[in-house]
Amino acid sequence: MTIRQSTLDAYVFDVLMPDLVGHDRRPAAFVVYLHLLHSAQALGRDHVPASLQAIAVKTGLSKSAVQVALRHLRRRGLIGVEEVGTQVNPVRHVLRPWRRRWPAEPLA
């Protein structure tokens, strides 16, 4: 087994964790998002092939808990609404909304 390191934006732990776990009371959603984010970074892209079963095995959650978490993450805009790929092996689009670039303010 090889150990891979992952670098996560401070936003994930400083803002997103208290929001999903504390405010929304959805710790499973945070765990699923961390898994998808880590997988996306390991692949070097935002689209991750991940079935419910694969996510459940990797996170230790039940498939139904993963399904509820994915639904919540879609509503929160943390994963894309569309799922491409097959039903057996869907591709999840991992979003990072805090990285959006805001338009520069016009100079006075």
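Predicted model: local features only at pLDDT ≥ 70, side-chain atom pairs only at ≥ 80, totals over all residues.
**View 1. Crossing of α2 and α3.** Helix α2 spans residues 27-43, and α3 spans residues 52-59. The axes lie 10 Å apart. The packing angle is about 100°. Angles of 65 to 115 degrees count as roughly perpendicular, and α2 and α3 therefore fall in that class.

**View 2. The stacked pair Tyr11 and Trp98.** The whole structure has 3 aromatic pairs. In this one, the ring centres are 4.7 Å apart. The planes meet at 20°, so the pair is stacked. Tyr11 belongs to helix α1 (residues 10-23), while Trp98 sits in the segment after β3 (90-93). The pair therefore ties together parts 87 residues apart in sequence. Tyr11 is partly exposed, with a relative accessible area of 32%.

**View 3. The edge-to-face pair Tyr33 and Trp98.** Here the ring centres are 6.4 Å apart. The planes stand at 75°, so the pair is edge-to-face. Tyr33 comes from helix α2, and Trp98 again from the segment after β3. This pair therefore ties together parts 65 residues apart in sequence. Tyr33 is buried, with a relative accessible area of 0%.

**View 4. The aromatic cluster.** Ring pairs link Tyr11, Tyr33 and Trp98. Trp98 stacks with Tyr11 and pairs edge-to-face with Tyr33.

Definitions and conventions: Residues numbered from 1 in each chain as written. Heavy atoms only, no water. Axes fitted to C-alpha atoms, helices over the stretch in contact; angles between N-to-C directions. Helix = DSSP H or I, 4+ residues; strand = E, 2+ residues; numbered from the N terminus. Parallel < 35°, antiparallel > 145°, perpendicular 65-115°, else oblique. Phe/Tyr/Trp six-rings, centres within 6.5 Å; stacked < 30°, edge-to-face > 60°. Buried < 20%, exposed > 50% of the residue type's maximum accessible area, 1.4 Å probe, protein only.
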